[in-house]
Amino acid sequence: MLIEKYKIDEFNQNNGDEHKRKFDFFASSVKNIDEVLKKLIDFQIAIPSWALGTGGTRFGRFPGGGEPRNLEEKIEDIGLLHSLNKSGGAISLHIPWDIPENATNIKALAAQHGLKFDAMNSNTFQDQPGQQYSYKFGSLQNINKNIRRQAIDHNIEVIKYGIELGSKSLTVWLSDGSCFPGQLNFRHAFKNTLEGLKEIYAALPGDWKMFVEYKAYEPNFYSTTVGDWGQSLLYANKLGPKAYTLVDLGHHLPNANIEQIVSLLLMEEKLGGFHFNDSKYSDDDLTVGCINPYQLFLIFKELVEGMNARGMNHSTDLGWMIDASHNVKDPLEDLLQSVEAIMIAYAQALLVDYKALEEAQLANDVVKAQEILQDAYRIDVRALVAEARLRGGAALEPLQLFRQLKVREHLIKKRGLKTISTGL
Ligand code: LRH
Ligand code: MN
């Protein structure tokens, strides 16, 4: 379904006065407003191709209807979201869930919707129909050389699809690990995995990056072979300058200080990108900022401070991706909320008075330091983020317009109630 530009302009017209009143009030208190607005307009978040349907858990899946039936319809849905917020201008594909049968056509279709291809994702955590060897006991770590070979070849095949689509990076998340003490030799598993990653790394084009995504547990529940940021950094350092760590917010043990991890990986020039989501217990893959928006703000504060310290380009130098699955929300509404939460946290982090914060830190004025941080966190930046959308040609309130235009009803009428999209 396409949302015609005039419908967005009409919506903005009808809501323009209220917005202008709020934004003018906001803008009167911010000195570098145009610089902040430019950063927000340039900031693009990749939407996962595997999160456009209603996911599920082992206990059940409750599809909501109108789900995309193929990659073309997934690109349409991501294009629709992008037309509403102009902040989701990239797709992150998962192979083999979303193999581009005709890469040229797929690339052209995406371009029509103003979309690029962000990181490609390989999948050696499931056995595909007709697959020769099983990944039951792992892929790159596996004691069986043929199984390791199969996993390496799959990742190299994923790189080939990415080259055809114009992607510039590969995310490798390995579910490899063990469920019981004694099941695995950790050193052998590490060495096999490193050996496999080295072969995949060698197949990367010169201008590509490899993101090594870590995760504490699930589907293995005793050890994970890329189990935390330290292990991911170990691999990335041993692989070379094109290898980086990838931080999925839901992949940490309870109460981990993710913003400190982000700060150090950025300092070490080994932070490659993010899978944004939120969680209360484990890898819940919930809407970004729905449980712990303050943590999201603190992460973006470390990102802005760390990227400025290295003179990095905020919008292009790191991989910004969402990784979520939807059990009870409409997938597209959930993704609109996630993008909004990310833009709000980024905007608040851009408004922190970093000079005053440093002075407070150098004076051990702990109270003052907290006041400076929370001053920014407590600013209502929604009019600012809406103004960035307006100037970017998007809707002032994407979710409101999505509902007003009855998009889901249209998709159900076109695709039916029972369609199931590939992915989680
Ligand atoms: C693993 C993960 C990984 C993806 C998968 C869909 O939990 O975060 O990034 O491959 O979800
Ligand atoms: Mn992830």
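In this predicted model, the manganese ion (ligand 2) is coordinated at 2.1 to 2.2 Å by Glu213 (OE), Asp248 (OD), His275 (ND1) and Asp323 (OD), where donors are N, O and S atoms within 2.8 Å of the metal (3.2 Å for Na, K and Ca) and water is not among the atoms. Along the chain these donors follow the spacing E-x34-D-x26-H-x47-D. The site of the manganese ion has six donor atoms with angles of 72 to 169° and is octahedral, a label for six donors with opposite ones over 155 degrees apart and all others between 65 and 115.

Ligand 1 is surrounded by residues including Trp50, His94, Lys215, Asp248, His251 and Asp283, near meaning a heavy atom within 4 Å. Polar contacts (N or O pairs within 3.5 Å) are tabulated here.

| Side chain | Distance to an oxygen atom of ligand 1 |
|---|---|
| Asp248 | 3.0 Å |
| His251 | 3.1 Å |
| Asp283 | 3.0 Å |

The protein covers 96% of the 300 Å² of accessible area that ligand 1 has on its own, by the Shrake-Rupley method with a 1.4 Å probe.

Residues are numbered from 1 along each chain as its sequence is written, and ligands from 1 in the order in which they are written. Side-chain atom pairs count only at pLDDT 80 or more, local features need pLDDT of at least 70, and side-chain values use heavy atoms, without hydrogens and water.

Technical notes. Polar contact = N/O pair within 3.5 Å; in protein donor to acceptor, adjacent residues only side chain to side chain. Tetrahedral: all angles 85-135°; square planar, octahedral: opposite > 155°, others 65-115°.
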